[in-house]
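Visitor: Please take me through the terms applied to this structure and the grounds for each.

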Amino acid sequence: MQSEVQWFLSTLIDNQLITLEKGIEINDALGGSPDVLTYAQEILNLLCDGVSEEDAKNWASQLEDVIAYAQEQAAMGVVPELFLQQVEAAYPEQGERPEPEPEPEPEPEPENLFEKLRRAVAHQQQVIDQQKAHASAGASSSSGSRTASASSFSGHRAAATIDDSDFDASSTELPDLRNVSSMSDQEVAKAMKQLLVGLRAYGVSDLHISSNAPLFIRRNLMLERLDPEWVVSDEDSQRLNLALLSEEQKERFRKEQDISFGLEIGKARFRTALMYHKDGISGSYRLVPDQILTLEELGFLPNDAKNIRRLLDYTNGLILVTGPLGSGKTTTLAAMVEVANQNREDHIITVEDPIEIIQTSKNCQITQREIGRCTNSYHAALKGALREDPDIIVIGEMHDLETIENAITASETGHLVIGTLHTCDAGNTLNRVLDVFPPTQQPQIRAMTAGSLRGIICQKLIPAANGGLTIAYEILINTIAVGNIISEGKIYQLPATMQIGSKAGMCTLDQNLLEKYKAGHITYETALYYMKDTSIIEQTKKLYAMQQAQQFMAEKAARDAAAAAAAAENQ
């Protein structure tokens, strides 16, 4: 077997594309000593059997790189380690005894997720220690400012604050929850606090504790089981989920059988929801981000972020941030409030259920209210807000007729109203807003919405190219054309208007996916998976083909240059 072929086959085996036995079989079938190009063609035929033309081109491009690598290694006169150990044993010379094959190493057991969490918490502890060391260095000069800041923060707290006197927030140990039945109530509460802090360090977005089911988390939209072999009993689920509730909350939960509230452990915040189901109690814990990101950091492209900031320059009107549950609306809303907080000098009132991200007053005075703690309902809070001299009103959720009607009215009376809805696109958003009203009010509401709407941002979370998550979105800006469509009830015309409205700052979801692919935020496969517009899909495919061709030419030029340099050096 030629040295180039050895390196070529060794690389394919390392990438698990072919087995050694199959590679030797192909070598023998080609006469025992084929050149690397002949051998690669046979491998290509094998890999491309039954695949599409596009996939075949991708395989050909990848094998080109492998051939170049094999030729470079062979030119150095080095034999692949795999062939030193096994190929010579497969073809022993006469009288030579083949060396015994090494025993395969046992496959490592899958790492327990708790071990990963322990490492993540340990890393978080290192960061905390560094921050403490840095803070202590300037303690004498900044103690007064820190005291003032802490006082201001405590005045804004709306979540249920947990007594942390028995809890070491710096501990790197995660609890073994299988022993819940033998723990005291205080030990269960401490274990829950430690678990939630550890999950935050691991980058988890949600924790679920449900009767007759294993503990599971959600990370990057995917579900993972913390301990697949342990099924939480009804009694354990009840103790874990009720451990951090006050007596008043426990009584309310037993009475209403559902409860939703904000939970605060140290500076960490969690949105908690408990319910009864057929097997017992189930709890969901959403881990709220501990910092406010900019629009660009959330995944908005620079030009789109600029257009959103322009919407926040209006002194009145209605801005809607929409998307399915878990699409990042809360963080987008917080980023928009932060923009206003830095660029305006106004009074901002937010109404949330519950308060998730704490907003600190900067240039604006921010008043945060929580449903069930500071007010009874969204529409009651909206009515009350109009008497509190607000400039901007932020509504955590617009889900009933009275709240939507009050929001539209407030946007017409000199206030900028920002609200959220659980809708998937701009057309559905407007239909949801308009259809809650009875037919007799439809013409009036359409006219009011056409005049007061400033823009709609519809978003969803999708896999990012770096392995995390990013947002895909569409933006509707209320132009004269859009206003006419709304007032005439021709919502079906919105997608076409948005496609040609880029100069006004609009974009459809498919257009945004294409731009995010161009910017390298998402992969080609992710872009195609979420696209629906055939014309945008064709544009994306052409762009991908062009990029592949450019990459191939660049790699070929680099290989040619390296070969020329090596030849010149040998001369």
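Predicted model: local features only at pLDDT ≥ 70, side-chain atom pairs only at ≥ 80, totals over all residues.

Guide: Residues are numbered from 1 along each chain as its sequence is written, and side-chain values use heavy atoms, with hydrogens and water left out.

Visitor: What makes up 44% of the 571 residues in the chain?

Guide: Buried residues do, where buried means under 20% relative accessible area, exposed over 50%, and partly exposed in between (1.4 Å probe, protein chains only).

Visitor: Why are the buried residues of H14 said to line one face of the helix?

Guide: In H14 (residues 378–385), Tyr-378, Ala-381, Leu-382, Gly-384 and Ala-385 are buried. Seen down the axis, these residues fall within an arc of 165 degrees, so they line one face; the arc is that of the directions from the helix axis to the C-beta atoms. Their cover includes strands E9, E10 and E11 and helix H15.

Visitor: Why are H16 and H17 called oblique to each other?

Guide: Helix H16 (residues 426–435) and helix H17 (residues 442–452) pack at about 135 degrees. Angles under 35 degrees count as roughly parallel, over 145 as roughly antiparallel, 65 to 115 as roughly perpendicular and the rest as oblique. The pair is therefore oblique.

Visitor: Which residues make the contact between H16 and H17?

Guide: Leu-430, Val-433, Leu-434 and Asp-435 of H16 meet Gln-442, Ile-445, Arg-446 and Thr-449 of H17, contact meaning heavy atoms within 4.5 Å.

Key:
Helix = DSSP H or I, 4+ residues; strand = E, 2+ residues; numbered from the N terminus. Axes fitted to C-alpha atoms, helices over the stretch in contact; angles between N-to-C directions.
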